[in-house]
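User: I am new to this structure and would be grateful for a close look at one part of it.

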Amino acid sequence: MDGARDYRIMTRTMVNAVLDMKEYNRFTKGIYSWVGFDTKWFDYENRERVAGETKWNFWKLFMYSLEGFVGFSTAPLTLAAFIGLVFTLLAFVMIVFIIVRTLIYGDPTSGWPSMICIIVFLAGVQLFCIGVVGQYLAKTYLETKARPIYIAREKE
């Protein structure tokens, strides 16, 4: 929601659910959303600061957003593995193309295209492998946080 702030009124059940998460690096915006309790928004007039300046600059906000990605998503690792797979397949197709072209027309560039394709192929394989290893590490990291599998709301 545009203009949303970090002011919250929480029920005791939500507070207990948030406090039960014992992780050290706490991305609070993600945690409040992750515990899954209903959120109600209310409008208010946003006014300029009366005194002082914010301590948040672009880089602090950027690093905070990275904390959210790392703490609640494995999508960048999946993306890395996918890009590695695409590079590998693309390089393989280009290697086959270069071999066929060389057999039919000869090799006018004497090895340059095949060298680039081999480099891209190996880079793609490495990126894919790093993405797969990263997925394993991410799953281990998420397990060490010891988040509950689910949070059951007590019947009121």
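Which residues make up the largest nonpolar core?

Analyst: This is a predicted model, in which local features need pLDDT of at least 70 and side-chain atom pairs count only at pLDDT 80 or more, while totals for chains, interfaces and linings use all residues. Residues are numbered from 1 along each chain as its sequence is written, and side-chain values use heavy atoms, with hydrogens and water left out.

The largest nonpolar core consists of seven residues: Met-14, Ala-17, Val-18, Met-21, Ile-31, Val-35 and Phe-37. A nonpolar core here is a set of buried Ala, Val, Leu, Ile, Met, Phe, Trp, Tyr and Cys residues joined through side-chain atoms within 4.5 Å. Buried means under 20% relative accessible area, exposed means over 50%, and partly exposed lies in between, with a 1.4 Å probe and protein chains only. Helix α1, residues 12-19, gives the most to this core, with three residues; helices are DSSP runs of H or I with at least four residues, numbered from the N terminus.

Met-21 belongs to this core. Apart from its neighbours within four places in sequence, Met-21 is in contact (heavy atoms within 4.5 Å) with Arg-26, Ile-31, Trp-34, Val-35, Arg-147 and Pro-148. Of these partners, Ile-31 and Val-35 are also members of the core.

Elsewhere, Ile-116 lies in helix α5 and counts as partly exposed because its relative accessibility is 35%. Cys-117, by contrast, counts as buried, because its relative accessibility is 9%. Cys-129 counts as partly exposed because its relative accessibility is 40%.

Methods:
Helices (H or I, at least four residues) and strands (E, at least two) are DSSP runs, numbered from the N terminus.
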